Structures are given as C-alpha cells and as structure tokens.
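Visitor: I've got a model open and I'd like to learn how to read it feature by feature. Could you walk me through it?

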2 protein chains.
Amino acid sequence: MDTRSVTFLPAGVKVAVEPGIDLLTAAGKANIEIKAPCGGDGTCGKCAVIIKSGKAKARRESYLATRLAEKGLNLACQSLVEDEDLVVEIPKISAMGKHQVLVENVALGEGVSDALREYLLNVWQLKDLFKQKHEDPLHGYPLNPLCRWVQLTMPAASLQDNRDDLSRLVLSLRKETKCTDINIPLSLLRKLGDTIRVENFKISILLSEVGGKAEVIAIEPGHRHQPLYGIAVDIGTTTVVAYLLDLRKGTIVDTAGTHNRQARFGDDVISRIVYAVDEPDGMKDVHQSIIDTINTLIQDLLVKQRKINEADIRVMMTAGNTTMAHLFLGINPQYIRLEPYIPTANFFPVVKAQELGIRVHPDAPVFCFPAVASYVGGDIVSGTLFTAMGKADAQVSLLIDIGTNGEMVLGAGDWLVTCSCSAGPAFEGSGITFGMRAMHGAIEHMQINPETYEVSYATINNGRPLGICGTGLIDGLAKLRRTGIIDRAGKFQTHLPTPRMRIGEVGPEFVLVWAADTEIDRDIVISEADVKNLLRAKGAVFAGIRTLLNVVGFEFGSIETVYVAGGFGNYLNIPDAIAIGLLPDLPVEKYKFIGNSSAKGACMALLSAEAWAEAQDVAGKMTYIELSVGNMFMDEFISSLFIPHTDLTLFPNVDL
Amino acid sequence: MDTRSVTFLPAGVKVAVEPGIDLLTAAGKANIEIKAPCGGDGTCGKCAVIIKSGKAKARRESYLATRLAEKGLNLACQSLVEDEDLVVEIPKISAMGKHQVLVENVALGEGVSDALREYLLNVWQLKDLFKQKHEDPLHGYPLNPLCRWVQLTMPAASLQDNRDDLSRLVLSLRKETKCTDINIPLSLLRKLGDTIRVENFKISILLSEVGGKAEVIAIEPGHRHQPLYGIAVDIGTTTVVAYLLDLRKGTIVDTAGTHNRQARFGDDVISRIVYAVDEPDGMKDVHQSIIDTINTLIQDLLVKQRKINEADIRVMMTAGNTTMAHLFLGINPQYIRLEPYIPTANFFPVVKAQELGIRVHPDAPVFCFPAVASYVGGDIVSGTLFTAMGKADAQVSLLIDIGTNGEMVLGAGDWLVTCSCSAGPAFEGSGITFGMRAMHGAIEHMQINPETYEVSYATINNGRPLGICGTGLIDGLAKLRRTGIIDRAGKFQTHLPTPRMRIGEVGPEFVLVWAADTEIDRDIVISEADVKNLLRAKGAVFAGIRTLLNVVGFEFGSIETVYVAGGFGNYLNIPDAIAIGLLPDLPVEKYKFIGNSSAKGACMALLSAEAWAEAQDVAGKMTYIELSVGNMFMDEFISSLFIPHTDLTLFPNVDL
C-alpha cells in the first residue's frame with residue numbers, strides 16, 4: 001500500500017502512514033504525545049491541531065469540529081490522512097507538557113530552577129516529602145528483599161555420597177531457608193551439573209521466597225559478590241514512577257517518572273478499557289504502551305546509573321489501580337467497566353519479566369500489588385501498607401487518594417473498609433473547559449477582588465497561563481463563592497457589573513485571564529458547567545467519606561489522622577478543600593500529606609518480604625463497600641452538591 | 001561456502017554438504033540411518049559403505065579402515081567429503097532395518113505376515129503379551145488420570161457478590177477438589193473474564209492435580225464433552241514406544257514404536273553423552289533427535305486415529321533411563337558418565353510440551369518418571385511400579401531388565417535394593433563381530449551336530465542370515481559349550497576336525513553360516529573374542545543379582561518371582577539363559593516375562609494419580625547399591641566368567 005508522509009511541527013518529525021489513519025494515531029507513531037482525554041472520540045476538543053499544508057478528510061461532522069474549524073483548528077483524532085502529504089502544527093495547548101511527576105527528587109532535583117524548588121517547597125508544602133527521600137524506605141520493616149542471594153557450600157559428591165545434584169542442592173537450601181517448597185526451572189537444571197562443579201560445590205543462589213514457596217531464579221558458581229537491584233513502579237493512570245532500589249543495602253538509588261503513554265487512548269481508565277476492548281489490536285496497544293513507558297523509565301535510570309546493568313535488576317514490584325494492573329499484565333479489563341464491575345483478578349500471579357517484555361533481567365519475577373475491587377486497586381493497598389493502618393496498634397485513620405476516582409480507606413488494625421467514588425477527573429483538569437494537569441503555565445492560585453472582580457493569579461513555574469490545574473480549580477471555587485460570583489449551589493450571579501461575567505456559548509462564564517495575557521490567545525474562563533462538574537467531583541468524595549463512616553457507625557471526630565495521598569492530594573490546599581466541602585472540617589494538623597504512598601508502599605514490599613506479607617493481609621481484610629448498592633451514598637451525594645454542604649453543622653469552621 | 005553433493009544408494013537420496021563433513025553425518029542430514037554403535041569413533045566398523053563414484057578423504061589411518069578398504073569398503077564415519085561430489089552405496093548390513101519394536105500390537109498387528117505372527121506367538125512366547133493388550137492398563141489402580149476435566153457451576157457475579165473472577169473460580173474449584181494450592185497461568189487469566197461469562201459462570205477446567213498441587217491447564221465455557229487423550233512414552237536407548245491413551249475411558253487407543261533416532265550418535269548411552277558433551281551443538285542434536293523421534297510416533301498415531309487431533313493430547317508421561325531423561329529434557333548429561341556418576345536430577349520438573357517442542361497440545365504437562373541413580377532410571381522405577389513389588393503385601397521378587405546395561409531390583413514392599421551392572425551391549429549385538437538386533441534375518445536359534453559340527457539355524461522372519469541377535473547368541477553359547485567347541489572358560493577347542501573351526505584375523509572363530517548362504521556375502525562366525533564378551537556380559541548380570549542378595553542376606557531360594565523385563569528379556573529362552581549362567585537356576589515357572597514394563601508402568605501412572613504417587617514412593621525408597629564401591633561385586637563377577645559358574649553348586653540343574 002502507498003503511504004503518505006505527515007510532518008509534525010514544531011518538532012519537525014516526519015512519519016510515513018497509510019491513508020485512512022487519523023492524525024492522533026499518526027502522532028503516536030511519531031512518538032509525539034497529543035492530549036486526548038476522550039480517547040479519540042472527538043468529544044473533548046483537546047487534540048486540536050493546525051494543518052499547515054495538505055488536506056485531511058473529516059471523519060464526521062460535529063458541532064465541536066465546526067467551531068474549531070472557524071478558528072483554523074482541526075481535531076487530530078477526527079482528521080484522516082487521505083491523498084496528500086501533510087504538515088501539521090501542534091499548538092502548545094494540545095501538546096503533552098513535560099509532566100510534573102510526583103517523585104520528590106525529580107521535582108526537587110537537578111534541572112529544576114531554584115525558584116521553582118522554593119515554590120514547591122513552600123507553596124506545595126513539599127518539605128516533608130523532600131525529607132522523606134532521605135528517610136528509610138523500609139519504614140521500620142526488616143530488610144529482607146523479595147529476591148536475595150543465598151550462598152551454599154554443599155558436601156562434594158562421591159561414590160559414597162552419590163545423591164543427584166538437584167537433591168543435594170535442595171536439601172542444602174532447605175537447611176539454609178527452612179523452606180520445603182523449592183522450585184528450580186528447567187533452564188537452570190539444564191546446566192546445573194556444570195555450575196555447581198566450577199567451584200567444587202560452592203554456589204550462590206538467587207532466591208525469591210514468598211508465602212512459604214521458594215523460586216530459584218539464578219545459580220552462579222562460587223560465593224562472589226553479586227549485584228542485586230530491584231525496580232518498584234507505581235503505575236498511575238496519568239503518571240508512572242519508578243524507584244531503582246539497592247536490595248543489598250535497602251536504599252533508593254534513583255527515581256524517575258514520566259506520564260503514562262496510554263494517555264493517547266484516553267485520560268481515564270474507562271476510555272482505556274473501551275479502547276482495549278473495542279479497537280482492533282486495542283488490548284495489545286494499551287498493554288504495550290505501559291510496558292514501553294516502564295522500559296523508558298528503566299532505561300532513563302540506567303543511563304544515569306552507569307555501573308548498573310539491565311541484567312542486575314533481578315526483581316520488580318508494581319502497584320497500580322485495578323485497571324492498570326490488568327492492562328500491565330495483559331488481562332482483559334472489560335468486566336471492570338460493566339456492571340456489576342468485576343475484575344478478573346484481585347491477586348495476581350508472579351510472572352517473569354520476559355513474559356511481559358520488561359527490559360530488566362529476563363528471569364526477574366514481577367510482582368503486582370493485590371487489589372480489593374474493580375475501583376480499589378493495588379495502589380490503595382500499597383498506600384494503606386505505607387500508612388500502617390492495618391497494623392494491630394493503629395488508631396482510626398482515613399486514607400484519601402483523589403485522582404480520577406476518589407478512593408478512600410477507613411479503619412484501624414483489624415478492620416478496614418474502603419470505597420471508590422467516581423469523582424471524575426475534574427481535579428485533574430479533565431471535563432473542565434480550561435482544566436489542565438499541574439504543569440508549567442497552569443493557574444495554581446488566584447485572588448478575586450470582591451469590589452472590582454479583578455483577578456490576580458499565580459501559575460506554576462511562572463509561565464504564561466495555559467489553563468487551570470486542580471489546586472487552582474479548588475482555590476477558584478472557594479474564591480468565586482467568597483466573592484459572591486456563585487451561590488451555594490454553584491449558580492452564577494450573571495447580573496454582576498463586570499465584563500468578566502458573561503454568557504458564553506454554553507452558558508454563564510467568568511473570565512479569569514484575558515486572551516492577551518495568555519499563552520493560548522484565548523480567554524481563560526470558568527463556566528457554570530465547570531462549577532457543576534467540580535461540585536459533583538467534590539460531592540462524590542465527601543459523600544464517600546460519609547458513607548464509610550456511616551457503615552461502621554463512626555463520626556468525623558473519631559478520625560485521628562487523615563492521610564492525603566496521590567499526585568493531586570499533594571498539591572492540595574487543605575483550608576480551601578475544607579472550605580468548598582471536599583474534605584471534612586477537621587483540624588488541619590490531623591491531615592498528613594503522604595505523597596506517592598503507592599510507590600512508597602511498593603518500595604517497602606520489594607525490600608521486605610514481611611511488608612509484602614502484610615500487603616496480602618491488608619488486601620485480604622479490606623471490606624469493599626459498593627456505593628451503587630442501596631441509597632446511602634446517593635443521599636449523601638445530593639446533600640454534598642452545595643458549598644460546603646446542605647448541612648452546615650458539618651462545617652462549623654467554614655464561613656463562606 | 002561451496003557445497004558438494006552426496007547421493008546415497010540404494011535410496012537415491014541426494015544431499016548438499018560442506019566439504020570436511022563425514023559421510024555418517026551426511027547420511028544423517030539425508031535422514032538415512034546408518035549403524036554406528038561406537039558413535040562415529042571409527043572403532044566398530046559397522047558403518048561400512050561403498051563409494052561408487054568420487055573420492056573421499058580418510059580422517060585417519062587405522063587397522064580397521066585398511067582391512068575394510070581391502071574389501072572395497074569405507075567407514076562412513078571416517079570418510080570426509082573433499083573436492084568431489086560422491087555417490088555412496090549403503091550395504092544392507094550397514095543400514096538400520098525397520099526395527100522390530102516391542103509393542104505387542106505392532107509386532108502382532110497389521111502388516112505382519114501370518115507366519116511371522118505365528119512364529120512370534122509360539123517361539124518368542126508372546127502369547128501372554130498379546131493377551132495383555134486386552135488387559136486393563138490400569139492394573140488395579142483407580143482411573144484418575146494426571147489430567148482431567150472438572151465441571152464447575154459458579155454463582156453468577158452481582159453487585160452483592162462482586163468477588164473477582166479468579167477468587168470465584170478458585171473457591172469453587174477448592175470445594176470440588178479439596179486442593180488448596182491451585183495455580184492458573186497468566187495466559188488463561190488474560191481471557192478468563194470472557195470465558196466464564198459465555199455460559200453464565202458454567203465452565204470446564206482441565207486440571208492436573210499432583211502431590212497436593214493443582215495446575216489449571218485449560219478453561220472452556222460450559223459443560224460440553226471435551227476429548228481427552230494422553231501419550232505415554234517409553235524412551236529406550238534403542239527403541240521408543242508410544243501409547244495413545246483415552247483418559248476418559250482408561251483404555252489404550254493405539255500404540256506405535258520406532259528406533260531412537262539418537263542411534264546415529266552411538267548405540268549406548270555413553271556414546272551419546274560423549275557426543276552431546278564433546279561435539280559442537282552436540283547437546284542440541286541429541287536432544288532434538290529424541291524429540292523428533294517422539295513427534296514422529298505421535299504423528300503416526302494421529303494418522304491412524306483420524307478423529308483425534310494433536311491438541312486433544314493434553315498430557316504426556318515418559319519413562320526412560322536416567323541418560324534418556326536428561327537428553328529428553330535437554331539437561332547436561334556429562335556427570336552421569338564421569339566418576340562418581342552423578343545425575344543432575346533424579347526427580348524431574350513437570351514441563352510444558354511447547355518448551356520441548358513436543359507436538360501435542362502446547363500446554364500439555366510432560367511428566368518424567370523419577371530415577372534412582374545414574375544407571376537405574378525411570379524405566380526401572382516404572383517397571384517396578386508395574387510389578388507391584390513396592391506394595392505393602394509384596395513377596396520377595398527380583399526384577400531384571402537386560403539391555404545395554406543390566407539393571408535389577410530386589411525387594412518386597414517396604415524395602416527395595418537396586419543396582420546396575422555394565423553388561424555391555426553384547427546381548428543387543430554390539431561388540432560382537434556379527435551381532436545385530438532382533439531384526440529380519442537375524443539368527444535366532446541354532447543346532448550344532450555334536451558329531452559333524454554342522455549347523456542348522458532359524459532366522460527372524462526366515463530372512464537370509466545377516467547376523468546373530470541376542471537370543472541367538474545365548475543359544476549359540478549354550479550349543480558351543482554343549483558340543484564341546486568351547487570349554488567352561490570360553491576357550492575354543494581349535495583342534496576339532498571341521499573347517500568351521502579356524503583361526504581368523506583376531507583369533508579362533510567358528511563359522512555358523514558360510515558366505516554363500518548369507519545376505520551379506522561373508523562368513524558369519526562367532527569368535528573367541530565374541531565369546532569372552534558374552535561371558536563378561538552374562539557374568540556381570542549374574543554377579544549383580546548375587547550382590548543384591550548378599551547385601552540383604554538372602555539366598556536364591558527366597559525369591560518368589562523373577563520378573564524379566566525389556567526388549568531383550570522378552571525374546572529370552574530361560575533354560576538357555578540358566579544354562580550359560582546368565583540367570584539363577586530357579587524353576588522356570590518362577591520366571592515371568594513382563595515385556596515392556598517401563599511403558600506399561602508409564603501408562604498406569606498417566607491413567608492414575610495413585611499409581612504416579614506410588615511411583616514417587618518407589619523411587620524414593622529404592623536403595624541404590626553402587627557396585628564399584630568395595631570388592632563384593634568384582635569377586636562375584638570373576639566367579640561368574642565361567643559356564644555356568646565357578647561354583648557349580650549354584651546351578652544344580654545345569655549339565656553342560
């Protein structure tokens with residue numbers, strides 16, 4: 001078949017594609033990431049591009065496409081390559097920025113300006129996290145990694161002691177480890193005879209001992225020092241973070257983070273499931289994207305740590321939500337999405353790196369954190385492990401992880417209840433007209449003059465404004481309410497005497513930044529529809545917390561600590577979040593930011609078999625509350641669609 | 001690189017090879033099997049060929065090569081392709097015949113003439129074996145195959161019962177099987193969600209449950225009837241036999257046998273180990289040869305059983321000696337051969353058919369019978385299982401398997417002792433001037449007139465004589481002694497007045513058949529060196545038996561049953577064997593031919609998990625007696641180098 005060339009500007013990357021392919025896919029082939037929260041459905045409008053030369057064919061007519069066309073823009077996902085070669089410019093607003101990943105030493109390490117570091121440390125309250133880099137990643141667990149070298153000196157074979165090599169090894173290993181269930185793969189058995197005789201029956205065995213079963217991963221002659229590293233990966237829907245660990249020392253060698261390349265199939269897990277299930281080769285593409293993402297991180301780490309080789313990484317731990325775990329392992333995720341929302345597995349088999357194409361030692365075992373339900377995944381279990389909420393002496397605590405979904409865990413020691421509320425990705429910027437992730441140029445804080453309604457704002461990295469990130473949205477919501485621009489139900493007061501208040505194409509909107517001051521040459525606004533979306537998101541989280549408390553018969557006052565986890569949580573302004581009714585009205589000192597607790601739990605589990613056993617225990621004892629059963633959640637949700645809430649007695653300290 | 005062509009006659013097969021390659025290897029490439037008991041060392045002289053056109057280069061000068069050259073013959077293994085294309089004729093004596101395999105219904109089935117069938121039934125006492133084909137292959141064990149379909153009806157998932165699919169399946173399976181250790185591979189997990197929903201949570205699971213562990217091999221929707229077949233293979237050094245079993249009915253569907261294609265690397269296990277270890281790609285070649293051999297058998301069976309497909313064969317059981325098991329699994333066999341004779345493994349891991357390239361269902365588990373020592377292998381354990389010698393109520397019995405080695409087991413229930421004596425392959429025709437396997441044209445019985453020394457003989461299939469098979473050799477030895485041609489020590493009485501007694505190139509020899517009456521145009525003789533070889537072979541077996549008895553302090557009289565196993569044992573004339581001192585002087589009715597007990601045990605174990613468990617138990621409790629430790633065996637051996645023995649009181653009923 002003939003191909004056409006598509007050149008993407010400003011990068012100038014040219015790619016050959018077959019006619020009929022859309023520009024979003026073509027950009028993917030060129031390794032250029034274009035925003036596509038809707039997964040290429042043509043509904044979000046975020047993948048707008050400018051066709052500078054050549055003509056593309058529209059997949060179908062749509063209101064959105066027509067509106068954009070008036071501005072000289074085309075939806076990449078709806079524009080098909082036809083007869084002509086194309087030159088396509090990707091405006092800044094459509095390109096994926098270098099994402100600010102929630103890894104402390106990336107955010108705070110080299111390549112970050114002093115000003116930004118100061119900003120992050122102060123404004124985002126990252127000081128604690130910065131300290132954590134120098135904390136013990138074991139968090140009190142003993143160093144006993146999921147993979148370790150065991151040195152054996154066996155009695156030499158003789159005519160009098162003529163046991164076979166395998167029995168000799170197994171008996172010797174049993175004495176050393178007390179483990180009776182020992183498995184040695186055929187590949188190692190094939191050369192065992194030679195291996196154990198190189199240094200006269202002295203050998204080193206790489207062993208992974210978990211749950212009373214020992215898997216032999218490698219056998220080397222003699223008792224030489226063998227390098228031993230592991231990778232712990234937090235597979236987030238948006239962001240993927242890898243920690244390179246020295247398993248001998250129990251330390252973090254380095255970390256790296258990037259955005260999840262699956263983003264081109266949609267921003268949220270649902271779009272990715274739909275893509276995986278409905279598209280030809282969809283499952284393969286979505287699976288391969290996350291493998292590629294992780295391989296890139298590993299390569300980045302190895303480029304920085306030149307003394308460590310791919311083959312020195314002998315084990316891998318991953319934590320991710322249930323959909324991410326399914327897609328990572330290549331398990332059909334379809335039933336996660338369909339009622340009654342059943343994952344194929346909550347506890348996952350240990351697989352070899354080579355089965356997945358992960359570029360570490362091919363025989364490295366890959367562990368996945370167990371999940372609890374379709375929407376309470378291994379990332380939450382890992383976070384719970386990190387908080388020690390499942391330990392016998394734990395006080396009543398609440399763990400909240402607000403991302404695309406809002407997941408929460410309430411409990412103390414023996415009991416843990418958990419739920420997930422579809423908060424929607426509003427706080428991650430999706431579904432909000434000018435919403436964006438916490439990247440360069442995102443509006444992060446604002447002040448609105450109550451008299452003049454003039455706006456002053458701060459952006460991340462002091463960039464010219466591109467949009468509004470989650471923190472900015474929460475701050476904005478609080479300020480819109482405080483200045484009376486919206487009422488408690490989120491309705492816009494359209495009579496206000498300011499040109500910033502106006503009726504846009506889809507209803508009332510308030511202009512935060514005039515086009516001339518932006519990087520995108522468009523007015524940045526918050527619309528009434530945006531506010532409704534934000535209220536639904538914050539309402540769902542709050543209603544989830546209330547439901548968990550109701551189930552176990554507790555009040556807010558019973559909670560000793562609220563752990564706020566996750567990428568968004570980390571940038572959250574607690575007083576703002578309480579003010580809009582997103583978080584319960586508890587003293588600020590009860591709130592603890594724990595950052596990427598999923599990654600931290602993954603590090604702990606990789607470094608300590610005891611922590612990994614605890615993770616299994618935590619996953620096993622979590623009771624999942626399905627919010628769509630019964631009316632309890634829905635009643636709470638409806639009451640939470642106000643600022644801060646219908647029942648103001650729940651927010652005695654809030655005065656908006 | 002330029003290649004030369006070698007054309008092999010009479011088949012007319014042409015093959016292109018690189019200069020420097022020897023004709024034995026070239027024949028292998030052309031899939032033509034030439035005898036090479038020494039493995040291509042140039043010492044056995046069995047691979048003689050006639051170069052009809054072109055000139056080959058001699059690898060090196062040797063007495064044997066020179067002798068053969070005088071007769072217009074070249075050793076294939078020592079003749080290297082050089083500059084010229086060659087045309088090479090393979091004389092009948094050097095070609096591998098269509099081997100008479102010890103499978104009852106091949107030997108007695110279609111394609112066998114009535115005369116031969118009658119002959120086999122009567123002369124070779126095969127009537128019992130013929131009957132066995134219609135016997136229950138389970139031999140009293142319950143039908144409980146190593147692989148079976150389990151039908152499950154699980155409660156359907158709902159919002160109230162929202163366990164993950166895997167937990168649902170595992171819990172349901174636990175109830176059904178009582179097994180707690182259940183493993184499901186990632187490949188099945190990947191599509192589990194779809195599979196269990198096709199028929200609303202009704203599924204069929206293909207399970208292999210062994211030793212308290214259950215391995216899920218396949219999952220199909222619904223409760224349809226699923227075909228289920230298994231293959232049991234006896235991997236002999238010489239002969240490989242496969243049984244196709246219906247695992248639902250517990251019956252033998254069909255059998256097939258052929259020679260082990262590894263024969264081109266040598267007749268005995270030592271030559272094959274040497275080839276595997278010393279030659280470039282040797283291990284790969286030797287391993288692949290047995291895989292190819294087995295695949296050919298499977299294809300033969302499937303061609304005959306058209307309703308059964310490759311993928312319907314879901315499990316495989318193999319029994320073979322320790323070297324065969326190592327080579328089959330691709331495990332380095334080197335240390336089996338080197339003192340102190342240590343196998344890499346006696347108990348082998350279960351592997352998947354696809355790992356080995358066996359052409360049945362790729363996920364079929366492949367089991368290997370456990371071995372006891374380097375020279376007491378899974379074939380002996382399987383045979384012991386078949387005899388039921390390891391059962392609690394067993395009487396004292398002796399199992400003898402005479403092949404290249406002589407392996408024997410003595411015991412009753414709780415105790416079993418075993419040893420292996422290197423009888424050498426004399427009884428299989430190797431190391432004997434005109435020795436050959438039991439094939440068409442082999443001299444099988446003879447009479448020598450005590451007055452005239454004229455010889456009358458019978459050959460297998462009434463073919464013109466090509467050589468002498470094992471039975472013929474034992475019969476010959478008895479007759480040579482009875483007529484006084486040799487003395488009790490095997491020394492030839494060279495003064496006898498007959499032209500048949502003469503001094504050949506290597507010493508005294510006796511002509512059995514004059515050249516004119518043979519198929520090979522050479523006098524067929526037994527030499528004094530042949531007789532010495534035979535005495536060493538029979539002496540080793542007898543000394544082994546004596547040593548086992550000595551170790552446990554028993555006499556011949558204690559033995560209730562002597563089980564005679566194996567290909568050679570099956571054709572054995574017991575009175576002859578007692579007469580030359582190969583077997584103990586016990587009443588003939590105590591001897592039981594059990595045929596290919598290794599294959600029969602393999603069938604039992606495949607059809608019954610209880611039999612397989614018993615096999616593990618038998619292998620575990622066998623005490624291996626290393627004959628090279630101490631003087632006991634050597635003393636017995638020296639005493640056994642006479643006909644029948646130094647101590648005639650051991651053979652009260654023998655009068656030679």
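Visitor: Where is the place of B:Pro340?

Guide: This is a predicted model, so take what follows as a reading of predicted coordinates. B:Pro340 sits in the loop between α12 and β16 (351-352) of chain B.

Visitor: Which peptide bond is cis in chain A, with omega near 5 degrees?

Guide: Check the one from A:Leu9 to A:Pro10, which is cis with omega near 5 degrees. A:Pro10 is in the loop between β1 (4-9) and β2 of chain A.

Visitor: Now the two chains. How is chain B laid on chain A?

Guide: The general idea first: two copies of a chain are related by a rotation about an axis and a shift along it. Here, a turn of 180 degrees and a shift of 0.1 Å along the axis put chain B on chain A with an RMSD of 0.2 Å. That's the relation of a two-fold axis. To find the axis from chain B, go to B:Asp181: its C-alpha is the nearest in that chain, 5.8 Å away. The copies also use the same surface, since 100% of the contact residues of chain B recur in chain A.

Visitor: How much area do chain B and chain A bury between them?

Guide: The size of an interface is often given as the accessible area lost when the parts come together. For chain B and chain A that comes to about 3,500 Å², with 58% of it on carbon and sulfur atoms. In residue terms, 44 residues of chain B touch 44 residues of chain A.

Visitor: What about charges? How many salt bridges are there across the interface of chain B and chain A?

Guide: Side chains of opposite charge can pair when their charged atoms come close. The rule finds two salt bridges across this interface. B:Asp181 turns up again here: A:Lys213 forms a salt bridge with it, and the closest N and O atoms are 2.8 Å apart. If you count polar contacts between chain B and chain A, you get 18 residue pairs, both residues at pLDDT 80 or more.

Visitor: Which helices of chain B each supply at least two residues of the side that touches chain A?

Guide: They are α6 (165-177), α7 (186-189), α8 (192-198), α12 (334-337) and α13 (353-356). The one that gives the most is α8(B), with four residues. By type, that side of chain B divides into 21 nonpolar, eleven polar and twelve charged residues.

Visitor: Back to salt bridges: how many are there over all chains?

Guide: The whole structure has 36. One of them pairs A:Arg59 with A:Asp22, the closest N and O atoms being 2.9 Å apart. A:Arg59 is in the loop between β4 (57-58) and α2 (63-70) of chain A, and A:Asp22 is in the loop between β2 (13-17) and α1 (23-29), so the pair ties together parts 37 residues apart in sequence.

Conventions. Residues numbered from 1 in each chain as written. Chains lettered and ligands numbered in written order. Predicted model: local features only at pLDDT ≥ 70, side-chain atom pairs only at ≥ 80, totals over all residues. Heavy atoms only, no water. Least-squares fit on C-alpha atoms with pLDDT ≥ 70 in both. Contact = heavy atoms within 4.5 Å. Buried area = accessible area lost by both parts, 1.4 Å probe. Salt bridge = Lys/Arg side-chain N within 4 Å of Asp/Glu carboxyl O. Polar contact = N/O pair within 3.5 Å; in protein donor to acceptor, adjacent residues only side chain to side chain. Nonpolar A, V, L, I, M, F, W, Y, C, P; charged D, E, K, R; others polar.
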